[in-house]
Amino acid sequence: MSRFFKMVFNEQFKIYIRKSTWIMYILLAGIIIVAGVSTKAFVDLEDQYQNDDWREVMQEENAQLQKEQEEYQKKMEENEDSFSIGPDMSRVKKNNYYLEHDIQPTGYGAWQFVKDNEMLLSIVSLLTIIIAAGIVAQEFRWGTIKLLLIRPISRTQVLLSKYAAVLVFAFLTLLFVLSFSWIVGAILFGVEGINPEIVAPVDFLDMNTAYEQINIINSILTGYGYSLVNLVMMATFAFMISTVFKNGTLAIGTAVFLMFTGNSIVMFFSDHAWAKYILFANTNLKMYEDGTNQLFEGMTLGFSISVLVVYYIVFMVLSWLFFTKRDVAGQ
Amino acid sequence: MTAPAMELSNVNKTIGSKKIIKDLSFTINKGEVFGFIGPNGAGKTTTIRMMVGLMKITNGDVRILGKSIKTDYKDAVREVGAIVENPELYPFMSGWQNLKHFARMMPGITNERIMDVVKLLGMEKPIKEKVGRYSLGMRQRLGIAQALLHNPSVLILDEPTNGLDPAGIREIRKYIRKLAEEENVAVIISSHLLSEIELMCDRIGIIKNGELITTEYVHDTEDENLKQFSLEATPATEALHIIQNDFGFDVTTQDDMLTFKCAKEQMPPLTKALIEHNIQLYQVNMKNDSLEDKFFDLIGENTIE
């Protein structure tokens, strides 16, 4: 068993010794810093509510917004053709929530910044796909596969160690995004406490949404956790293409293409009953918690998990079959 | 009797409907340097790939110290160190990192052992450099080092002197001889460089179109005194008659050329006999029977089918 760990270590070593990996990390760090600086510069961080007079500030703001809204409506009635954007009335709603529940808003800090960086997970997916696509195909390209396979280790173990290395890479990169975001957030905004809670809209896309109080760390864990499903599936897909076709470019291309077009593909075929069996109709497990975006009738959490498991097994078995049965000949 | 270092029995390889390797059988003993030669496309590399389990054997078996590569893969391959085709290593890692990488895949290889191998191949200086900067000769040595880490009983080297300068070739040759003689390692070397094989090997196997044509000892002790002669004579049939019946040599004819083996001392009486029978002699040649001649005698032209 310790041999297996050594082999995973070997694969990690080969990933992290290369400059291209470090460039990926530098890129990721750069994106986080830019996100932090622009958040500080352009986003309403609710600093105005941090003093003891936050109730008065909110009431004033509400009155101000109400007035603006009335003026705006009057203007719209007078001149129906004009097009302009009214004041942000969701602010009023949010303020009312705070006032009703007598909660002083938590200031923006490292935890919220981490939560806001959840979208960076798609970049982590991208990097993981790149690694997964290369990890088998490159050994063939370099010719080193011959030296790997003439060891007293079964091909199944060689393949598994590579797959494990991909998952370890994804995990470490995720950890990097979380911790680096937190550090950047802490430096730019400070830390809002050990276990802070914030008020957030129930549904981000709905203008008239209600508000609720949520625990940030919980929200981070579930948010990142749900996105991991997609990450693992796409990485496994890229790994499979890489192993079957010995072609890293093809693997990156197809996996990235599918990652970005997956939802459109589901939409395109949504008239058909079988569309619910498409992988991408099932990767967003969050929809079952929210109760939103139910795509097809009869879809349940159990159904989606079963579909995911079937896809996963197919990907793994195909990789395994091609890798273990293949004659390793010249290029 | 102990098992031979490597034994091929009726090895066949079929890809699609094409038979690449046909009924290959031979054994290589411990402490023997075996040269595996043949024209391009004869199936040398395919055979080597089957020996180490990179390719499936369609029919037949390869046994290493009696262990089948098909059914007992791990135990069989443990005894093998190999370079297949070019010495391809990770260019972005140093020589040392490459060796460590492969050492982790096999049990019980200490840093001291790696260092010993490095010293053996005279690579102490460039071992910390990236392999991408190595010359072909240095990569070749690193490839050999990689194959030797686990003290294999069988060492398989595909074109080991490729890219080495004459001094390097001599060093490798000496080293291979030493391995075979002192550590009782069976070494299998494939090459087109016939003169090289001749200097290094105890025995050669010649392969053509996937078939083993012959295996023979490089230094044929029993034939030491026999030289190959060819003579051009007319009428050839009469000359053939005389040489075969009166002297008892095995003669092959091609047009008016008669070729046979005999001791040098027997030639004067033979020519005298021919002249006495009124046979016209145009030329008599003694061949120094080098491996190259053997090779071309057996292979004919270098044809790929």
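**Entry: a proline in a loop.** I started at B:P235, which sits in the loop between β11 (226-234) and α8 (236-247) of chain B. Helices (H or I, at least four residues) and strands (E, at least two) are DSSP runs here, numbered from the N terminus. I checked the peptide bond from B:T234 to B:P235 and found it cis, with omega near -10 degrees. I noted that most peptide bonds are trans and that most residues other than glycine have a negative phi.

**Entry: ground rules.** The model is predicted, so I kept in mind that local features need pLDDT of at least 70 and side-chain atom pairs count only at pLDDT 80 or more, while totals for chains, interfaces and linings use all residues. Residues are numbered from 1 along each chain as its sequence is written, chains are lettered from A and ligands numbered from 1 in the order in which they are written, and side-chain values use heavy atoms, with hydrogens and water left out.

**Entry: positive phi.** I looked at B:N209 and read a phi near 50 degrees, a positive value in a residue other than glycine. B:N209 belongs to the loop between β9 (203-208) and β10 (211-217) of chain B. Its relative accessibility is 18%, so B:N209 counts as buried (under 20% relative accessible area; exposed is over 50%, partly exposed in between, with a 1.4 Å probe and protein chains only). A:K246 lies in the loop between α9 (216-245) and α10 (248-268) of chain A. A:K246 counts as partly exposed because its relative accessibility is 37%.

Entry: I went to B:E88, in the loop between β6 (80-83) and α3 (95-103) of chain B. Is B:E88 buried or exposed? B:E88 counts as buried, because its relative accessibility is 18%. Setting aside residues up to four places away in sequence, I listed A:W142, A:G143, A:T144, A:K146 and A:L147 as residues that B:E88 touches (contact means heavy atoms within 4.5 Å). The side chains of B:E88 and A:K146 are joined by a polar contact of 2.8 Å. A polar contact is a pair of N or O atoms within 3.5 Å; within protein, one must be able to donate a hydrogen and the other to accept it, and residues adjacent in sequence count only if both atoms are side-chain atoms.

I then turned to B:P107, in the loop between α3 and α4 (111-120) of chain B. B:P107 has a relative accessible area of 42%, so I put it down as partly exposed. Beyond its neighbours within four places in sequence, B:P107 is in contact with A:R3 and B:R78. From B:P107 to B:R78 I count 29 residues in sequence and 9.5 Å in space, C-alpha to C-alpha.

Entry: Chain B has ten helices and 14 strands, and 51% of its 305 residues are buried. Its C-alpha atoms fill a box of roughly 75 × 45 × 40 Å along the principal axes. For chain A I wrote down twelve helices and two strands, with 46% of 331 residues buried. The C-alpha trace of chain A spans about 80 × 50 × 35 Å along its principal axes.
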